[in-house]
Every structure is written in C-alpha cells, then in structure tokens.
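Here are my notes on this model. Please read them with the structure open.

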Amino acid sequence: MKSAVRMALGARRFDVLKLVISRAVKMSAAGLAIGVAIALLLSHALSSILFGIIRIDASVFALLTLTLASVAALAAYIPARSATKVDPIQALRTSKGES
C-alpha cells in the first residue's frame, strides 16, 4: 500500500522496486550473517564432541549461503514487482478510510 502512495506522489516504478528489494536484501543479509556465525559456532562445538567430524567445510557454507541469498532475492523480487503494478489512484481511494 505504501508503494502505491509513493507512486501516486510521483515515484517511478523502478524506484519503488529498488526500495522494496533493498530493504529485503538488508534484512536477508543480516539474517544470513547471524545464521553463518551461529552455524560456525555450533560446528565448532559439535566437532569437539564428535570424533572424526570435519569442523568447517567452506564449500558447504558458501553453497548454502549463496542458495539462501538467491531464494531471499527471489522472495523479495516477486512481491516488489507486484507492488509496482498497483494502480496508485485505486490504492489511494481504498486507503482513504484506513489509518
């Protein structure tokens, strides 16, 4: 709804798309960083408990991080694209009574 208001005020579709995607990417990057840090700590703890376990496999961490980042980017792009297709005038009419 906010994207439609921005478009009604003169924002271009590309600007709205960029705004929505950049917010989602920032949140995804923070989640990935926290997740990787926790995974490194847990892998270190498990390697000290279990015998014969490789502590850190960099290729697995890199592949999983890349996969999760790709899924997050796609999950951000799809709603952002649909947000730019909303008719701004219609959105303003429907949001008039909302607070």
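1. A residue counts as buried when its relative accessible area is under 20%, and as exposed when that area is over 50%. Keep that cut-off in mind for point 5. The model is predicted.

2. Secondary structure. The protein has 4 helices and 0 strands. Along the sequence the pattern reads α-α-α-α.

3. Overall dimensions. The radius of gyration is 20 Å, whereas a compact globule of 99 residues would come out near 13 Å. Along the principal axes, the C-alpha atoms fill a box of roughly 65 × 25 × 15 Å.

4. Burial and contacts. Of the 99 residues, 15% are buried. Take the contacts with a separation of 6 or more: residues 24 or more positions apart account for 68% of them.

5. One buried serine. Where does serine 43 sit? It is found in helix α2, which covers residues 13-49. Why does serine 43 count as buried? Its relative accessibility is 14%, and the cut-off for buried is under 20%. The side chain of serine 43 also has a polar atom 2.9 Å from the backbone oxygen of leucine 40.

6. Surface. The protein exposes about 7500 Å². Carbon and sulfur atoms supply 70% of that area.

7. Charge. How many positive and negative side chains does the protein have? There are 12 positive and 4 negative ones. The centres of the two sets lie 5 Å apart.

Note on methods. Residues numbered from 1 in each chain as written. Predicted model: local features only at pLDDT ≥ 70, side-chain atom pairs only at ≥ 80, totals over all residues. Heavy atoms only, no water. Helix = DSSP H or I, 4+ residues; strand = E, 2+ residues; numbered from the N terminus. Rg over C-alpha atoms; globule rule 2.2 N^0.38 Å. Buried < 20%, exposed > 50% of the residue type's maximum accessible area, 1.4 Å probe, protein only. Contact = heavy atoms within 4.5 Å. Areas by Shrake-Rupley, 256 points an atom, 1.4 Å probe, with all protein chains shown as cover. Lys, Arg positive; Asp, Glu negative; His and termini not counted. Charge placed at Lys NZ, Arg CZ, Asp CG, Glu CD. Polar contact = N/O pair within 3.5 Å; in protein donor to acceptor, adjacent residues only side chain to side chain.
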